[in-house]
Amino acid sequence: MSQREGSLEEPKAESSISLLPHLEAKIRQTHSLARLLTKYAEQLLQEYVQHQGEPFGLPGFSPPRLPVAGLSAPAPGHAGLPVPERLQLDAAALATLPVLLDGVRRLQAELNPRAPRLLRHLEEAALQARALGAAVETVLAALGASTLGSATEAAVAADTPTAPGGFSAKVLGLHVCGLYGEWVSRTEGDLGQLVSGAPA
């Protein structure tokens with residue numbers, strides 16, 4: 001009887017052991033993607049500013065804070081949360097960013113129709129945010145953590161101004177590009193805690 005019980009338990013132990021290298025590889029892969037997108041986000045923000053004209057990019061220019069539908073910057077207490085909770089917040093933000101970036105691209109298509117490179121990079125950023133968000137959700141599932149509910153794309157799109165004034169549209173886009181960089185960078189840092197083996 002004891003031999004039979006032992007034979008039933010062994011496959012479970014083997015299954016648990018085989019999962020660990022796969023999970024570690026997925027975390028490292030997702031962390032590498034986040035690190036790459038952090039660099040891309042910095043370049044996107046610089047490129048965006050270059051196409052907005054004055055006073056954008058001038059020393060001392062401080063754009064007004066405009067609310068961004070469905071998304072805010074990482075909270076000050078974010079770093080103090082357990083890593084799975086941080087990744088849940090990261091995934092929710094990354095799920096919201098694609099529709100916001102698409103909205104900025106549409107506004108820029110009207111304001112800067114002769115900037116195809118910027119428009120293409122905004123489109124790519126939306127796809128990259130979606131890909132990174134899906135990868136983070138996969139890591140969360142492997143860790144046994146559920147994802148948080150995020151604003152649906154339809155809800156965010158309904159709350160996003162489609163044709164604000166020229167200056168307001170530029171400021172809105174600036175904030176969205178900034179939030180993209182902040183959340184991608186935050187995701188990189190949070191995944192780095194798992195890669196380095198730091199306690200969650």
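**Exercises: core, rings and helices**

The largest nonpolar core counts 43 residues, and L97, L101 and Y180 have the most contacts inside it. Such a core is a set of buried Ala, Val, Leu, Ile, Met, Phe, Trp, Tyr and Cys residues joined through side-chain atoms within 4.5 Å. Two or more residues each come from α1 (2–50), α2 (83–111), α3 (116–143) and α5 (166–195). Helices are DSSP runs (H or I, at least four residues), numbered from the N terminus.

This is a predicted model: local features need pLDDT of at least 70, and side-chain atom pairs count only at pLDDT 80 or more, while totals for chains, interfaces and linings use all residues. Residues are numbered from 1 along each chain as its sequence is written, and side-chain values use heavy atoms, without hydrogens and water.

**Exercise 1.** Classify the ring pair F56 and F167.

Step 1. Rings pair if their centres lie within 6.5 Å; planes under 30 degrees apart are stacked, over 60 edge-to-face, the rest tilted.
Step 2. The centres are 5.6 Å apart and the planes stand at 50°, so this pair is tilted.
Step 3. F56 sits in the loop between α1 and α2 and F167 in α5, so the pair ties together parts 111 residues apart in sequence.
Step 4. F56 is buried at 6% relative accessible area, while F167 is partly exposed at 40%. Buried means under 20%, exposed over 50%, partly exposed in between (1.4 Å probe, protein chains only).

**Exercise 2.** Describe how α3 and α5 are oriented.

Step 1. Their axes, lines fitted to C-alpha atoms over the stretch in contact, come within 12 Å and cross at roughly 30°.
Step 2. Angles under 35 degrees count as roughly parallel, and α3 and α5 are therefore roughly parallel.

How values were computed. Phe/Tyr/Trp six-rings, centres within 6.5 Å; stacked < 30°, edge-to-face > 60°. Axes fitted to C-alpha atoms, helices over the stretch in contact; angles between N-to-C directions. Parallel < 35°, antiparallel > 145°, perpendicular 65-115°, else oblique.
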